[in-house]
Structures are given as C-alpha cells and as structure tokens.
Amino acid sequence: MTIHSEHPFLEPPENRRPLRRIRSRWPAGVSVWTVAVGPRAARGEPVGLTVSSLVIADGEPGEVVGLLDPDSDLAEALSSGGRAMVNLLGVGHQELADVFAGLSPAPGGPFTVGDWQPDPYGPRLADALATLAIEVTTEPVAVGWSSLIRGTVVSTTIAEGESLAHLRGRYLEL
C-alpha cells in the first residue's frame, strides 16, 4: 500500500469547478449532525454526517440551516422532518470529522469514535464545543447539488474551547 501526501484522485486546478474552488477558500466551522434512528431503523442505528455548510440564525426561535449531501443516510432520515442534533466540533476532533465525512475508516461504526451520549434528538458528542437540538421545520429543498435542511433550535449546550474549521482541504484550529 502506498500512502500519498496528497489526494490521489484530486483533479488538477484547471479542471475543478469554480464554485467549489471559491467555497474552499471560505473558512467554515465543522459540525457533525446526528439523528437517533436513521434509515436503517430496523436495526435501531443512529446516523451522522460531517457538515460544514451551515448557518445559525439567532431569533425567537433560533434556526439552523444546513446543506446536506442528498444521497446521505442523514438527508434520507430528515427527508420527512424529524429531529437532529448539531454537534459543533472543537480542536482535537479532526479524526471524528473525517470518519463522519466518510474519509477515514471506523471499525465498528462511526459512533465508536468519540464519546457519544444518547439523546432523543440524536447522539450528543460529550466534548462538543456546542450542541443544538433541532426540529426540522420544512421539507428539504434542492439547492445546487445539496439538500437544504431548516430546523428550529429547541435547546443548546455550550462548552469552552476552540473551534475547528476547514479551509482548502485542511483543518484549522481557531
């Protein structure tokens, strides 16, 4: 097996989509969205996905908007509404972010990486920088190649720590 210092299937810059290249230059906070029971409900398994395209809007009530991969188990689980937990990641969560993005293996499943606490809204990462329990309020909307999910914030937790961000294919500690 050969370990590459760069992504072995990365397109040369001139062949990459311009909007994807622009988006990669915009630092984004990293989160993992989870639901208590995903599409594999017969087995009672939770599902999760790393999400960097999200906006948190303050208000009464506050809202969260996220862009999800429409082919993901998470998008399928939220396609008809429901609940989710948004876990904002901090410094030290790089491996966890890669596992839920499908970039790193996790023998036994992704929830074996990190300390996850059960919650009716979805597994809650014990050492998350913050968590938001949300109720999905609208049907998903196709936006570009993503599904836009909108949810009302029901509860939050906040911890001290530094944020994990993503910029040009690398993690930053803010």
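Strands β6 (residues 82-88) and β9 (residues 130-136) pair in the antiparallel sense over 7 bridges, where strands are DSSP runs of E with at least two residues, helices are DSSP runs of H or I with at least four residues, and both are numbered from the N terminus. Two strands are taken to pair if DSSP finds at least two bridges between them. The model is predicted, so that local features need pLDDT of at least 70 and side-chain atom pairs count only at pLDDT 80 or more, while totals for chains, interfaces and linings use all residues. Residues are numbered from 1 along each chain as its sequence is written, and side-chain values use heavy atoms, with hydrogens and water left out.

Within the pairing of β6 and β9, V86 stands opposite L132 in β9. Strand β9 is also joined to β11 by 7 bridges, and these two strands run antiparallel; here V136 has G151 in β11 as its bridge partner. Of the 7 residues of β9, 6 are buried, and the strand is therefore largely enclosed by the rest of the structure. In this description, buried means under 20% relative accessible area, exposed means over 50%, and partly exposed lies in between (1.4 Å probe, protein chains only).

Side chains of opposite charge can pair when their charged atoms come close. A salt bridge is defined as a side-chain nitrogen of Lys or Arg within 4 Å of a carboxyl oxygen of Asp or Glu, and by this rule the count comes to 3 salt bridges. In one of them, the side chains of R83 and E135 meet at 3.7 Å, N to O. Because R83 lies in β6 and E135 in β9, this pair ties together parts that are 52 residues apart in sequence. R83 is partly exposed at 38% relative accessibility, and E135 is partly exposed at 31%.

The side chains of E63 and R150 form another salt bridge, with an N to O distance of 2.4 Å. E63 belongs to strand β5 (residues 63-68) and R150 to strand β11 (residues 146-158), so that this pair ties together parts 87 residues apart in sequence. E63 is buried, with a relative accessible area of 19%, whereas R150 is partly exposed, with a value of 36%. A salt bridge also links the side chains of D119 and R124 at 3.0 Å, N to O; D119 is buried at 19% relative accessibility, and R124 is buried at 18%.

The loop between β5 and α2 (73-77) contains D69, which is partly exposed at 40% relative accessibility. The C-alpha atoms of D69 and S147 are separated by 6.3 Å, although these residues are 78 residues apart along the chain.

An open sheet is formed by 3 strands in the order β1-β12-β13, with antiparallel pairing. Strands β1 (28-29) and β13 (170-173) stand at its edges, each with a single partner strand, so one side of each is left without a neighbour in the sheet. Strand β12 (residues 164-167) pairs with β13 over 4 bridges in the antiparallel sense, and A165 has L172 in β13 as its bridge partner.
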